[in-house]
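Please read these points alongside the model.

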Amino acid sequence: QAGNSNSQDISINVSNIDEHAPTFNSGSVAGFFNENTDTEQVIYTAAASNNDTGGIDNPFITYTLASTADASAFSIDSASGEVTLVSDPDYEAFENYAFTVIATDQAGNSNAQDISINVSNIDEHAPTFNSGSISVTVNENSGAEQVIYTAAASNNDAVGIDKIGRAHV
């Protein structure tokens, strides 16, 4: 036991692993779109990033839609996050939609965001006349500004406004 000793340097490398779920940068409200618009219209774009501890940015995020009641009305591009309409929206059937976007990174970490979209009602019906068609006889030189007929029409749309007009001579 002579008290001899020796030392050796040991280095340990710590690997940074992706342990954090993506964070959504896009909002949770997509806004409004008009009813009876074409399908395949982009109505929302999901955007997420994954800044893991150590500054690693994982660009490999994929997007999916969670299975919800309204999800069948939409499709999502897994790479771009663009959400499009699958069918023509109808305000009278649904005034708003809700769906959930899931962002998943390369390590399998995921995060979900609920999205709501409102459908704008548009006037899609021509007015219907409520007043009958009649033949009116007006004597000549009987004076101006006589009411000779009152036209009435209704707009049968959900937000219709009834209008009445008068014909004068």
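1. Terms first. Strands are DSSP runs of E with at least two residues, helices are runs of H or I with at least four, and both are numbered from the N terminus. T137 sits in the loop that separates strand 12 (128–129) from strand 13 (147–154). T137 counts as exposed because its relative accessibility is 71% (exposed is over 50%, buried under 20%, partly exposed in between, with a 1.4 Å probe and protein chains only).

2. Basis of the note. This is a predicted model, in which local features need pLDDT of at least 70, side-chain atom pairs count only at pLDDT 80 or more, and totals for chains, interfaces and linings use all residues. Residues are numbered from 1 along each chain as its sequence is written, and side-chain values use heavy atoms, with hydrogens and water left out.

3. Overall make-up. The chain has 14 strands and zero helices. Of its 169 residues, 27% are buried. Take the contacts between residues at least 6 apart in sequence: 61% of them join residues at least 24 apart (a contact is heavy atoms within 4.5 Å).

4. Four strands form it, in the order 2-11-10-7, with mixed pairing (two strands pair if DSSP finds at least two bridges between them). Strand 2 (29–34) and strand 7 (62–65) are the edges, each pairing on one side only. From one strand to the next, the twist averages 30 degrees (axes are lines fitted to C-alpha atoms, and angles run from 0 to 180 degrees between N-to-C directions). Strand 2 and strand 11 run parallel and are joined by five bridges. N34 has S120 of strand 11 as its bridge partner.

5. The core. Which residues touch the most other members of the largest nonpolar core? They are I43, Y44, Y63, F74, F99 and V101, in a core of 20 residues (buried Ala, Val, Leu, Ile, Met, Phe, Trp, Tyr and Cys, joined through side-chain atoms within 4.5 Å). At least two core residues come from each of strand 3, strand 8, strand 9 (82–85), strand 10 and strand 11 (110–120). Strand 10 gives the largest share, four residues.

6. Aromatic pairs. There are three (ring centres of Phe, Tyr or the six-membered ring of Trp within 6.5 Å; planes under 30 degrees apart are stacked, over 60 edge-to-face, the rest tilted). Y44 and F99 are edge-to-face, at 6.3 Å between centres and 75 degrees between planes. This pair spans 55 residues, from strand 3 (42–45) to strand 10 (96–104). Both ends are buried: Y44 at 7% and F99 at 1% relative accessibility. F74 and Y97 are also edge-to-face, because their centres lie 5.3 Å apart with planes at 85 degrees. F74 belongs to strand 8 (74–76) and Y97 to strand 10, 23 residues apart.

7. One cluster. Y44, F74, Y97 and F99 make up one aromatic cluster. F74 is buried at 5%, and Y97 is buried at 7%. Beyond four places in sequence, the residues that Y44 touches include S26, A30, V83, F99, V101 and I115.
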